[in-house]
Amino acid sequence: MPQPSVQTSPIIPKPRGGRAHYATWGFIVLCVFALYHMEQSWNHAAENITFYFTALQIGALLRGVCNFVEEIWHVQSRHRSSWWRVVVACLSPSLRCHALLLLVSICAYIALFGETGLQLFLNLILVCLCQLLSFAFGLQSPSAVEMSEICEKNNCNVAHGLAWSYYVGYLKLVLPRLKDLISEFNRANNNLLKCKETWKLHILLPMSCEIYDDLQKADSHIQYWKDLPALQLDRAGTKWRSYKQSIYTILGEDKKLNYCIVEYAPPLQSLYAMSQDESAAFGREDRLEQAQLFCRTLGEILQRSKECAGCYRLIVYEESGDSDSHFLSKEILKHIRQQHLEEYTMCEGNHESSTFLSTEPNILISDSELPGPLRSDGF
């Protein structure tokens, strides 16, 4: 069975798992174990836990209230004049849970420790002051890892939109028709593209996002040869919009020419342009992270697409650190060789010796009118 045309490269990060959640429970067990062996008063521990838990609920509600003060100026433009949308947007999805837990915590604090009136009010004011100071100095802002995880889980990354746009607007249209276009090309060009294992669109995905409009400038061993027949479709008001792919000759170290349908993924060019524009506030590290996520998201989309199966090859790579001017051609040829090894079908004309049903059958006609034996050894 053919292997999937997605590179399992260590360059591409895997989705985050639940290890942080497991680690949290592990530390909870350690804390309980430490409290048990320190022989601390459980009444004192319960008092502190209740107090801190109350502080956390107050902090969540205060953060939402502070955000609400800003959002009331954007009710029409951002929330379609709905005040309920403002409330839902400013307070966490677990608003009712926070309010309920706050009420339970305050009741438990009063019931356990008998603090009422002025003392309880003073403690709540101190909690609010601590939480507000924490917000004011940005001490509770999510870390870069947390922000990345939130964006990945909610599909809010730039890379996610670019990958889906590239798939829906181009690959989903072109890939299902690619093999028909190659067959049409072969009929007009003496069956040049013989090896069906490489009847794929080879998509170059450099992690640097540096893309050449002319592949020959990237590597002189890669030369433009011809275009496949153009696919023409009516798209977004444009009649007969043309989509075409280019065939390149790639010179190997053995001086043999290899034919390959190859092109860059244009969305990476957009990421590079964003990183060069100051107004985009998009740095080099952001570009690398989004490029990695783009490759992963595109691979996941294509793996789920039955109509695109077997019609593409993602070539993810990092540019060589040395001065190898033919790095790209070697990388493409490496993938072509891998496709020959991964597939079970055999290329036409790839072997000098004939194989079973590999040549036209010869019709043998006997000069004798008598029936001859079926066996060729004379018996």
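Q: Which loop is A236 found in?

A: In this predicted model, A236 is found in the loop that runs between strand 3 (231-235) and strand 4 (238-243).

Q: And what is phi there?

A: Phi of A236 is near 50 degrees, which is a positive value in a residue other than glycine.

Q: Is A236 buried or exposed?

A: A236 counts as exposed, because its relative accessibility is 81%, and the cut-off for that class is over 50%.

Q: What about C209, where does that lie and what is its phi?

A: C209 lies in the loop between strand 1 and helix 9 (215-218), and its phi, near 65 degrees, is likewise a positive value in a residue other than glycine.

Q: Buried or exposed, for C209?

A: C209 is buried, with a relative accessible area of 1%, whereas A236 is exposed at 81% relative accessibility.

Q: Let's step back to the whole protein. How many helices and strands does it have?

A: The protein has 12 helices and 7 strands, and of its 379 residues 33% are buried. Its accessible surface comes to about 25,300 Å², with 58% of that belonging to carbon and sulfur atoms.

Q: What share of the contacts is between residues 24 or more positions apart?

A: Taking the contacts in the protein with a separation of 6 or more, 70% are accounted for by residues 24 or more positions apart.

Q: Now the sheet: what is the strand order?

A: An open sheet is formed by 5 strands in the order 2-5-6-1-7, and the pairing is mixed. Strand 2 (222-227) and strand 7 stand at the edges with a single partner strand each, so one side of each is left without a neighbour in the sheet. From one strand to the next, the twist averages 40 degrees.

Q: How do strand 1 and strand 7 pair?

A: Strand 1 (residues 201-206) pairs with strand 7 in the parallel sense, over 6 bridges. Among the residues involved, L204 has I315 in strand 7 as its bridge partner, and H202 stands opposite R313 in strand 7.

Q: How many residues of strand 7 are buried?

A: In strand 7 (residues 312-317), 6 of the 6 residues are buried, so the strand is largely enclosed by the rest of the structure.

Q: Which residues are on each side of strand 7?

A: Y312, L314 and V316 are on one side, while R313, I315 and Y317 are on the other, and as they are all buried both faces of strand 7 are covered. As background, side chains in a regular strand alternate between the two faces of the sheet.

Q: Which helices lie across strand 7?

A: Helix 11 (residues 284-304) lies across strand 1 and strand 7, and runs at about 165 degrees to strand 7. Helix 8 (residues 158-188) lies across strand 7 too, along with strand 1, strand 2, strand 5 (246-251) and strand 6 (257-264), and runs at about 140 degrees to strand 1.

Q: Switching to aromatics, how many pairs are there?

A: The count comes to 9 aromatic pairs. One of them is formed by Y224 and Y248, which are edge-to-face, with 6.0 Å centre to centre and 75 degrees between the planes. Y224 lies in strand 2 and Y248 in strand 5, so this pair ties together parts that are 24 residues apart in sequence.

Q: How accessible are Y224 and Y248?

A: Y224 counts as partly exposed at 45% relative accessibility, while Y248 is buried with a relative accessible area of 10%.

Q: What kind of pair do Y317 and F327 form?

A: Y317 and F327 form a tilted pair, at 5.9 Å centre to centre and with 55 degrees between the planes. This pair links distant parts of the chain, with Y317 in strand 7 and F327 in helix 12 (residues 327-342), 10 residues apart. Y317 counts as buried at 5% relative accessibility, and F327 is buried as well, with a relative accessible area of 18%.

Q: Which residues do ring pairs link into a cluster?

A: The cluster is made up of Y166, Y170, Y243 and F294, linked by ring pairs.

Q: Last one: what lies over the face of W225?

A: K226 lies over that face, at 4.8 Å from the ring centre of W225.

Methods. Residues are numbered from 1 along each chain as its sequence is written. This is a predicted model: local features need pLDDT of at least 70, side-chain atom pairs count only at pLDDT 80 or more; totals for chains, interfaces and linings use all residues. Side-chain values use heavy atoms; hydrogens and water are left out. Helices (H or I, at least four residues) and strands (E, at least two) are DSSP runs, numbered from the N terminus. Buried means under 20% relative accessible area, exposed over 50%, partly exposed in between (1.4 Å probe, protein chains only). Contact means heavy atoms within 4.5 Å. Accessible areas come from the Shrake-Rupley method with a 1.4 Å probe; for residues, only the protein chains shown count as cover. Two strands pair if DSSP finds at least two bridges between them. Axes are lines fitted to C-alpha atoms, for helices over the stretch in contact, and angles run from 0 to 180 degrees between N-to-C directions. Rings of Phe, Tyr and Trp (its six-membered ring) pair if their centres lie within 6.5 Å; planes under 30 degrees apart count as stacked, over 60 as edge-to-face and the rest as tilted. A charge sits over a ring if NZ of Lys or CZ of Arg is within 6 Å of the ring centre and within 35 degrees of the ring normal.
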